[in-house]
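Let's take a walk through this protein together, starting with the whole chain and then stopping at individual residues.

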Amino acid sequence: MDSTSPALVSIIIPCRNEQAYIESCLTSVLSFECPPGLSFEILVMDGQSEDRTVELARAVASRDSRVCVLDNPGRIQSTAVNLGVRTARGQWIMRLDAHARYPSVYLRLCHETALRSGADNVGGIFITEPGGRGYSAHLVQALTTHKFGVGDSGFRTGAKEDWADTVPYGFFRREIFDRLGWLDERLVRAQDYEFNRRIIAAGGRILRNPHIQIQYYNQPTLAAFYRKQFVHEAPYNAYLWYLAPYSFAPRHAVTGVFAAGIISGSILAFFSPWFAWPFFAVTALYALLAVASAFQQARRYERPLDLFVLPPCFFFFHFIHGLGILKGMLRLACGTAPVQRNREPWPGAGRRRGWPLTPMISP
């Protein structure tokens, strides 16, 4: 590249069936402020949507040449990002999500933070918005914006600037993919987290800057949220640990311990007071913490009803997520997990990566 040419950022947006969000997402991205000497392209990677997502995205692309809509035959986010990186022309890779909106300063802050810190990946925090207009959508918002609900997930609860184990989406130096490989296409979920932990395991650094903010829309109903936890999110935590042990984080495992404790404690409490009293004491402590957290959220969102509704919602969130982890571990033990049936994602990656991480070949 000529030294006078502007540096290019390739913005990769995986999407599938996002007709409700794709236009507002692209409108916000096209409004990004660009520092002098920087420009960007937008690659919309559509996973064969069955709604009007492609039609709407192409309409935006027809009005702005910076937008390109490409087909993602693999349909999942990891294949979308990998295909996008192969197609990208930029020295920087920004991975975004269609289910969100971004402030105009988003790109500028990411670029400035990366240059200032020297980090291999930088990102910000979620400003979680309800995905619908009903009370159920608000409950999802309340559950995912309190530490009692999501633990020490700093990018969800507004943590300060610090080195982190992950950030939402990410602003990467292009060469990191050449050094560490692609996103693992065996992971339908948690592929971003695994890649971030791979960066750290290889000696890289990830910086979270809370001034970089993402307006993120959660599931529109509590039922949809619980279903996502049980069917998708939680089992893939277990699959993630199997494929990449260096990615283990206690906050992802605690719900599995919780669910196992509830099930075993409920059974054993019937047979002996030696189990009954500790079980009831721990349950009472959990209930107290749930009520206290519900009180805080009721004040925060000015919804008194939360004080009564949120405690059981917290319980079902943790219990259902924990059941999902146990289901994932059981499938791994039986050899029926989807990640066990797929071959290595690229030559040299290995069927299973163990600690310590060895340098990977360029893809």
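Predicted model: local features only at pLDDT ≥ 70, side-chain atom pairs only at ≥ 80, totals over all residues.

Residues are numbered from 1 along each chain as its sequence is written, and side-chain values use heavy atoms, with hydrogens and water left out.

Let's begin with the fold. The chain contains 14 helices and nine strands; these are DSSP runs numbered from the N terminus, with helices (H or I) of at least four residues and strands (E) of at least two. How does the radius of gyration of the chain relate to that of a compact globule? For 363 residues a compact globule would have a value near 21 Å, and the chain has 21 Å, so the two agree. That radius is taken over C-alpha atoms, and the globule rule is 2.2 Å times the number of residues to the power 0.38. Along the principal axes, the C-alpha atoms fill a box of roughly 75 × 50 × 40 Å.

Next, the inside and the surface. Of the 363 residues, 53% are buried, where buried means under 20% relative accessible area, exposed means over 50%, and partly exposed is in between (1.4 Å probe, protein chains only). Among contacts with a separation of 6 or more, 79% are between residues 24 or more positions apart; a contact means heavy atoms within 4.5 Å.

Now for the aromatic rings. The structure holds 23 aromatic pairs, meaning rings of Phe, Tyr and Trp (its six-membered ring) with centres within 6.5 Å; planes under 30 degrees apart count as stacked, over 60 as edge-to-face and the rest as tilted. In one of them, Phe279 and Phe280 have ring centres 5.7 Å apart and planes at 55°, so this pair is tilted. Phe279 is buried at 15% relative accessibility, whereas Phe280 is partly exposed at 47%. Another pair joins Tyr286 and Phe315, whose ring centres are 6.3 Å apart and whose planes meet at 80°, so it is edge-to-face. This pair links distant parts of the chain, with Tyr286 in helix 12 (residues 273-301) and Phe315 in helix 13 (residues 306-334), 29 residues apart. Tyr286 is buried at 15% relative accessibility, and Phe315 is partly exposed at 26%. Both belong to a cluster linked by ring pairs, together with Phe148, Phe258, Phe314, Phe316 and Phe319.

Ile214 sits in strand 9 (residues 206-217) and has a relative accessible area of 0%, so it is buried. Beyond its neighbours within four places in sequence, Ile214 contacts residues including Tyr102, Ile125, Phe126 and Pro168. Ser247, in the loop between helix 10 (222-243) and helix 11 (250-268), is also buried at 0%. Not counting residues up to four places away in sequence, Ser247 touches Tyr193, Arg197, Leu240 and Trp241. Thr255 lies in helix 11 and is buried at 9% relative accessibility; outside the four-place neighbourhood, Thr255 is in contact with His318, His321, Gly322 and Ile325.

Finally, two loop residues. Asn17, in the loop between strand 1 (7-15) and helix 1 (22-30), has a positive phi of about 55° although it is not a glycine. Asn17 is partly exposed, with a relative accessible area of 31%. Glu302, in the loop between helix 12 and helix 13, has a positive phi near 55° and is likewise not a glycine. Is Glu302 buried or exposed? With a relative accessible area of 70%, Glu302 is exposed.
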